Structures are given as structure tokens and as C-alpha cells.
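Biologist: I'd like to learn how to read a strand pairing and then zoom in on a single residue. Can you walk me through one?

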2 protein chains.
Amino acid sequence: MNIKAFKNMNFVDGGVCAARGFKANGVHCGISRKALVEKEGVENAPVPKKNDLAMIVSDTPCTAAAMYTTNKVQGAPIAVTKENLKNGMAQAVIVNSVNANTCNADGVEKAEKMCELAADALGLDKSDIIVASTGVIGQPLPIEPIIAGVPALAEGLSYEGNTAAVNAIMTTDTCPKEVAVQFVIDGKTCTLGGMLKGSGMIHPNMATTLTFLTTDCAIDAALLHEALRQVVNLTLNRVSVDGDTSTNDMVCVMANGMAENAVISAENDAYEMFKDALYAVLMNLARMMARDGEGATKLIECVCTGAQDDKTAAIVAKSVITSSLFKAAIFGEDANWGRILCAVGYAPADFDIHKVDVTLASAKGKIDVCKNGAGLDFSEEFAKEVLSEEEIGVLVTIGDGAGSAVAWGCDLTYDYVRINGDYRS
Amino acid sequence: MNIKAFKNMNFVDGGVCAARGFKANGVHCGISRKALVEKEGVENAPVPKKNDLAMIVSDTPCTAAAMYTTNKVQGAPIAVTKENLKNGMAQAVIVNSVNANTCNADGVEKAEKMCELAADALGLDKSDIIVASTGVIGQPLPIEPIIAGVPALAEGLSYEGNTAAVNAIMTTDTCPKEVAVQFVIDGKTCTLGGMLKGSGMIHPNMATTLTFLTTDCAIDAALLHEALRQVVNLTLNRVSVDGDTSTNDMVCVMANGMAENAVISAENDAYEMFKDALYAVLMNLARMMARDGEGATKLIECVCTGAQDDKTAAIVAKSVITSSLFKAAIFGEDANWGRILCAVGYAPADFDIHKVDVTLASAKGKIDVCKNGAGLDFSEEFAKEVLSEEEIGVLVTIGDGAGSAVAWGCDLTYDYVRINGDYRS
């Protein structure tokens, strides 16, 4: 899919290694169900051979910030990371896939062990480590493969290790998701990059999914956190794949200052430029996540304009991209706009449904399907052509004001059911 | 599936014709897309031959009450029925399927025309008619087939016409849904029966789906409305198939008093007995609707107990039965209890997740899978056996108090996607 361009932003390769001074790596250490299953004597579990353990490390200490899932059930790594980030500083990330280390009696102990292993291998303090896990909930995390895997993981860290790392955080993702941008502050070129994993149990509520961001821009921890909070609300919190808010969601950012700009410590032009860069990266990652939603064949981008305020627009846009009926219709390339209007109608916000217009759009063109809350005559043939594309826009206009918002989702397909009907085996 | 039994309630056949003095009928009049499509010169639309127009009529005037969808988009028939029920009286219902008569400029005019046609055929005033429509949103309702169909519809009304009527309100339903019970008030045997249609765009929010109830019990209009409101909140509002709140939902009840009990006009024992009967009918219809959710192969019944109050329990139970991930796991007969705990965790209510226990149950037995928010060792083999049944119970216990609630849903299957990927063609 296409990267959305932004002015003053230069997209570059390298993901979490794009910024100066960040190394990464990923290995297959064997955190499979098999490790667990063999211990318990159950047969027939497959052994995923993909990378399952990753590390990101900065050459120098970083200011750092993170946001977490709002689910009451929270993975043990979240508790440990929250504690470690209390001082606003971090220097490395360790993360595994396959097992979420959630709802296990020994979860915190094992998350702390992961920090200890990373710290020992890197010569850091364990409180400088961000730890994360993603995968099946409620099965004890096998720590032995991680103990065995960390030395090679640390040994192989490199400034080109982003691909190995992003492969290690993928679960049901069908493709790696990385974005990086360069921008100029004080005449210094700064870089901000990141990687993200989807692709199920994804619904906007604080942070969504696992996302790791690195930058060489110098910014103090408080503003880094504020920028992250604001931009996450406009990007990751505007994505829904299936309405389920995960237990392990986390987005974190580390800033090592190696671009040598003056430290951003006030809400000035440099801060706004940094936020723009953060938006360019997270917005593109959000779109990638939605497009690669479990089983998805299409990206749905709903833009709501003309609302009384941005909040109302966001509620409406999210209601549309969350509707199972509408998502299934898009899979069928069926211009069943009544389902869009239905989802607009049950959005919990205040507006006059008789002032709502709906237009469908794609690279093939635009087609107005609903005006003032009532259906328009339109060519079903052309509508089918518009919906045959992989990126579908839904434009909802409310005649109330200047509020606007964008939300991203995907179609609901047979493969979503297949993937989730038997995820654990 | 099995009818849930209740003490003091005798289940009987006859649906909306079970109570004394109620006739019904259903016919195929041809409200197909074809009627519309031919007019517009488009080819290849199928002609459904099933009944698409139904009528229910009482021999004598009835007190009547209804509840409606909370969607801002509301079908034209809802506006007309609301107006006609302002005096708390009605004597007949006319309802069509295939076309929802929603989001059309001439919708109210056509809904009023339907009332007029029914009233003329039955010798009633048009303000005594309840009108409803269900089907595709946003396509003009072809009124000609209804004009042509009403005479035969009225002609064929009979005290055994419930089957013809219930067949006429089915859309993607795979089976008709009818329940009736008898109970005794003042030594008089009263009967209350009803029919309901599902099976997609169903989510709890006021009333859900189209439901028509008839009774010969004498009860004043205000108490009839209050009883309906209370029982709908415990039954139809506890069902979710896909999280989409329809535009045309309505549940209505007509009471003609022919059982000759003293008119219920206070919240006394007779009123409680009437509410019990209403619960027995609507609870069974709600279960039937969930079991026949679009594409469903299983009924999921989530019982939450031990909450601080019933409201909290209802929020938790509904969150579980609404989770797409959990619904897909149940389709796969996969005891992925982490998804249950995840859905409990993001339910917007106040409780301690570390006091939550989860048990799975069916006719094959019970299996504890989670205690105090953490996973238990259990036999995957036995869990698979428990989940192989068609009715699956999920018991969620919170250690906070005596609040409890039940909610009903269904699994998420390939067929849900197939049915909704191309509903209109």
C-alpha cells in the first residue's frame, strides 16, 4: 500500500534503526506452544520457525514515554514497563511474540527476568529496559528459550537489524510494518522511525497493539509523553479490526538526542515539527495495521467532516469502521450504504441524521450514495468498480460545523473467522 | 433447541394465535428487489417466493404498547406506529419483510398507506393499526404488491394463521420463532404468545428486532407498557448477534382482555404473574434469535454472577457475548478462555479482575478454566467435548456481591460473512 506523504517530511528506510545510534535484532529462540506442550506431554503442536524475540538498544540513554491498553486485564510486561519508565528514561527494548505472558501467576517474575537478561547482556541497569510480550493469553511463558536466546540476540545487534526485529514481533500479521521519516529542527536533520505489530484483538482505546518508536531528536520526557498521547489519539486510537481491546497493547518511544538539536522543552515550533513527524509515522503505521487486519482484503478509511466538533466526528467515523455488517458488505464489494447510515445512526453522539451525506471513494472515482439521510439513485455498476479497489474511502458529511476526523478499519472476511476459529493450535 | 421451562407456566402451540380472539395470516405478495429492479431496468435479481406480508388482528379492541430502536435512523413505519399507539390502543398489525421502508423520501406516506389498506380490509380505523417493515434499507418500498396482496391476506385470516404470519416476517432467519404460554389469573386461564424475526443487525439497545406479542389477558395500557419495558431490558436487550443496532427494531404487544380476568391496573400479584409470562415468552424468543443469528452454529449463554449489582453483571455478560474473537473461538470449539477474560476486562464497569472466575458449560459437563483472573490447568480434550455442543454456557463469577445477569449471543462463522458479503443481491 502507498505511504501517505506529508510536507516537510522525507520518508526513509530503516524502521527502528533509521535514527542515529539505534541497533536492533531478532532471533528465533523457540517460545512456541511446543515448549509448553512438550512439558505437558501433549502432541501435535506446530513449531513456528519465525523470529520470536527482538531487542532494540540505543547507544546512549534516552528519554522515553509509553501508553498502555485500558483493559483491566493487563499483561505482566506492562506492569514492569510502567515501573521502569517512572523516571522517564530507558535505553533498550526486549519483546517476544507467541506468548503474551498475561493471566499467569508468575508473569511479573518472568517479565522482570526478561529485563534482567537484557540488562546483563547489554551492560545496562534492568530499570532501563522496556519489556513487552504478545501472543496467546493465559499460558505460562516458557522462560528457558529466552534465557538461551538472549546472548545470540545481543551478539547480533546491528544498525541494520530492524528487519530481523520487526519479523520477531509479528503474530498473525502477513507483512512487517515499519515507517521512518526525516525532518529538520534547528538546522539539524532528525529521524524518527518505528515498527508495529497487528493484527487481531485491535480496537481503539488508549494505545493499540505493540508499537516501538525510536528517534535521535532531543526532547524532554514530559513533552515526549504529551506528544505521544496527542498523536496516538489521532492515529492508533482510530483503528479497529474487530472491536476487541487487547490486554497487552503498548506504544513506546525512545529519544536519544544524537541529532544534536537543542533539547525540545517547550511547546514551540520544534515541538510542533516533532509532533508532525510522530503523526506521519504513526498514521502510516495505523493504516498498515488496518490494511493487514486479520483476514482483511481491503483498507477502509472513513473521513467524517462537518460535525459540531472533532470528537463527534471521531465517534461517527469509528462507528462506521467498526460495523460488522458494513465490513462484510465491503468484503463483498456491495455498495450497501444503508449499513453505513445505520452505523452513523447508532453512533453515540448528537447530530441530525437528516443532514448526513455519504460518498464512497477509491482510486477508481467517487460516488454519492446518500444525501440528507436518504438514498440517491446511483449506478450499481460504477459503485462496484469503485469498491473493487483495495483502499476504500467512506466520506460522511454532517451539516453542523467544522469538526472532522479520520478512522481506519478493514473488511470482515472468511479468513478472519478461519484465523480466529482455531488460533491456539 | 429446548424451550426453557418456568414454574406456573404451561407452554402451548399457536404463537400469535394462541391467545383467544387473535387471527393471523401471511402471503407472498412480491415485495422483492425484483419489483424495484424491473422498474429500473436492472437484470438478474432473484424473486423470493416466501411469504413477505403478514397481518395479525384481534376480534376486539386491545390495549397496546411498544418499544423501538434507539438508532437515530428510524424506519418510516416506526414514526407511524408511534403516532397510532399514542392512545394506548390498537387492534391489528400489518408487517412486510424484504424492504425496510427506511431512508426513503416517501416512507411515511407508504407506511400510512399500509395502515389504510389494512384498516379498510378489516373495517377498522387506520389509527388502530401497528405497521412494521424489515429488510433492505434505502430502497423505495414497492407499494403496488401490497395493494394487490392485502385483500387475499385479510380474506385468509384465521385462528390458525400464525405459521403463515411468522413465515412472512423471516428475512435471513433459518427457522420461524414462536412461543406461547398459559397462566392463571383470578382463576381464569390467560394466554400470551408471540413471534419474532432475527437474525442480523442485532444488538441490545432498547428493543431489538421485530417482535409481535398477543394476549387475552386484561391489563391497562400503562402497566402493559411498563411490563414490556422491564422484561425487554432483561431479554431482547441482552442479545447481540453482530453489534449493529437496527433501524427498524420494534417489539409490540396487544392485549384484548378476552380471558375475562379483572383488568390488571395495579402492580399486584396478577401483574407479577403477567410479567413472568412475558419473561417466559421473550426470554425463549431471545434465545431462539441468538441461536439463529446469521450464520450461527451455536448459542452462547453468558451468566454473570457475584457482581456488585445487576447492571454491572449485565455489562460484563454483554461484553463477553459481543466479542468477535471469542465468538470465532467458539465456532472453532477452542477453549480460548483468555479471550473471555479479555472481554470481561474491557467491559466498561467497576470490579476487580483478580476476583474473576470463568467456567465453560454444556450438556456434556462443566470445566473451570480461570480462577481469580489466572488460568487453571484443564483437560483440552474435555474442554473440546464440552464445546462440541450446540448450547454453550459461559459462567463468569465476580467476587463482589449478589448482582447477576444473563446475555445471549452466537458464534461468528464463515456463513455470517457469506450472508452479509452480498445481502442485497
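Predicted model: local features only at pLDDT ≥ 70, side-chain atom pairs only at ≥ 80, totals over all residues.

Biologist: What do strands of a sheet pair through?

Modeller: In general, backbone hydrogen bonds join the strands of a sheet, and the pairing is either parallel or antiparallel. Here the open sheet has 6 strands with mixed pairing, in the order S13-S12-S11-S14-S10-S15 (chain B).

Biologist: Which are the edge strands of chain B?

Modeller: Strand S13 (374-375) and strand S15 (403-410) of chain B, each of which pairs on one side only. Helix H11 (residues 380-387) of chain B packs on the sheet, where it touches S11 (356-362), S12 (365-371) and S14 (391-398). The direction of H11 makes about 120 degrees with that of S12(B).

Biologist: Now a single residue. Where does B:Glu301 lie?

Modeller: In strand S10 of chain B, which covers residues 299-307. Across in S15(B), B:Trp408 stands opposite B:Glu301.

Biologist: Is B:Glu301 buried or exposed?

Modeller: The cut-off for buried is under 20% relative accessible area. B:Glu301 counts as buried because its value is 15%.

Biologist: Which side chains does a polar contact join to that of B:Glu301?

Modeller: One is B:Arg287, with a polar contact of 2.7 Å between the side chains. Another is B:Trp408, whose side chain also has a polar contact of 2.7 Å with that of B:Glu301.

Biologist: What else does B:Glu301 touch?

Modeller: Leaving out residues up to four places away in sequence, its contacts include B:Lys4, B:Ile392, B:Gly393, B:Val394, B:Val406 and B:Ala407.

Key. Residues numbered from 1 in each chain as written. Chains lettered and ligands numbered in written order. Heavy atoms only, no water. Helix = DSSP H or I, 4+ residues; strand = E, 2+ residues; numbered from the N terminus. Buried < 20%, exposed > 50% of the residue type's maximum accessible area, 1.4 Å probe, protein only. Polar contact = N/O pair within 3.5 Å; in protein donor to acceptor, adjacent residues only side chain to side chain. Contact = heavy atoms within 4.5 Å. Pairing = 2+ DSSP bridges. Axes fitted to C-alpha atoms, helices over the stretch in contact; angles between N-to-C directions.
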